[in-house]
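Hello,

Here is the structure I promised to hand over. Please open it first, then read my notes below.

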Amino acid sequence: MPSVNGKVVFITGGARGIGCETARLLVKRGAKVVLVDVDAGPLAEVVAELGPSAVSAVADVRDLSSMQAAVRRGVEAFGRIDAVLANAGIGTYGSIRNIDPVMFQRIVDINLVGVFHTVRAALPALIESKGYVLLVASLAAFSPAPGLSPYAATKAGVEQLASGLRLEVDYLGVGVGSAHMSWVDTPMVRDAKDDLGAFAEMLTLLPWPLNKTTTVDKCAAAFVDGLANRKRRVYVPGWVRFLGWAKPIVTSRVGERSTIGHVPRLVPAMDEQAAALGRGTSARYDADES
């Protein structure tokens, strides 16, 4: 049975949420982890908790040289990189009509360009180890939600980046997967619910099972299984795969019918609430970080 025991896994966005919980589970199962984040304090706490099986690199996914240095840090510490989890990402507040263009650029730079930088920096090590990379996309890659269009656009880009990369590096022995999660109980999702009452209400109005939230530990378990088995797709929960297959229906007039009637009320409310906050993202990400 495939295992992560003895493997070295490079994780971006490793200081909290899914990245942090995945690292904990990987170490529990015998792996070593290289954790990357811009938030030095929480990152140091996680590495101290995980002990000698973990090393950290404070790095910004928007900066290729920073990511290359982080990869070197991992190779110097453990001798190689066997797998990469490109997990760093943020969410933003505001519709296309009202989002601050600077914030739109920022989510693209972190969620999409940052994934490219992670892959580009790690590929030499992955080619040497004939390793595997899991790019974190989302259910949003094929099922957009009103008010979250910038996020969905970046995640659709990540899905296509994974699909193209897979074709390019298969002959080199490198495996590529993409992860597609529905709502996960992460700090990012909790902050959005707390900040935007209209967002929290929108989640309750989504049809079942789109209105359900998955725990972080269940998501981490699915990611570890994907890393161990070099999966092409990781779906969290499993029903998300069917939504991927049904994308033409989901984005049709019929598929949009259950949501579009709420848009005239909820999207302006989300924009007003975001404007009242005076920021375009969670307070924890409001500083210049990923």
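A compact globule of 290 residues would have a radius of gyration near 19 Å, and this chain has 18 Å, so the two agree. Keep in mind that this is a predicted model. Along the principal axes, the C-alpha atoms fill a box of roughly 55 × 40 × 30 Å.

The chain holds twelve helices and seven strands. Of its 290 residues, 53% count as buried. Look at contacts with a separation of 6 or more: residues 24 or more positions apart account for 73% of them. The accessible surface comes to about 12800 Å². Carbon and sulfur atoms make up 55% of that surface.

Next, two helices. Helix α6 spans residues 187-195, and helix α7 spans residues 197-205. Their axes lie 5 Å apart, at an angle of about 110°. Angles of 65 to 115 degrees count as roughly perpendicular, so α6 is roughly perpendicular to α7. From α6, the contact uses Val189, Ala192, Lys193 and Asp195. From α7, it uses Gly197, Phe199, Ala200 and Leu203. Five of the residues in this contact are nonpolar, one is polar and two are charged.

Last, find Ser95. It sits in the loop between β4 (83-86) and α4 (101-129). Is Ser95 buried or exposed? Ser95 counts as buried because its relative accessibility is 11%, and the cut-off for buried is under 20%. Which residues does Ser95 touch, leaving aside neighbours within four places in sequence? Ser95 is in contact with Gly147, Val267 and Asp271.

Best wishes

Notes. Residues are numbered from 1 along each chain as its sequence is written. This is a predicted model: local features need pLDDT of at least 70, side-chain atom pairs count only at pLDDT 80 or more; totals for chains, interfaces and linings use all residues. Side-chain values use heavy atoms; hydrogens and water are left out. Helices (H or I, at least four residues) and strands (E, at least two) are DSSP runs, numbered from the N terminus. Buried means under 20% relative accessible area, exposed over 50%, partly exposed in between (1.4 Å probe, protein chains only). Contact means heavy atoms within 4.5 Å. Axes are lines fitted to C-alpha atoms, for helices over the stretch in contact, and angles run from 0 to 180 degrees between N-to-C directions. Angles under 35 degrees count as roughly parallel, over 145 as roughly antiparallel, 65 to 115 as roughly perpendicular and the rest as oblique. Ala, Val, Leu, Ile, Met, Phe, Trp, Tyr, Cys and Pro count as nonpolar, Asp, Glu, Lys and Arg as charged, and the others, Gly among them, as polar. The radius of gyration is taken over C-alpha atoms; the globule rule is 2.2 Å times the number of residues to the power 0.38. Accessible areas come from the Shrake-Rupley method with a 1.4 Å probe; for residues, only the protein chains shown count as cover.
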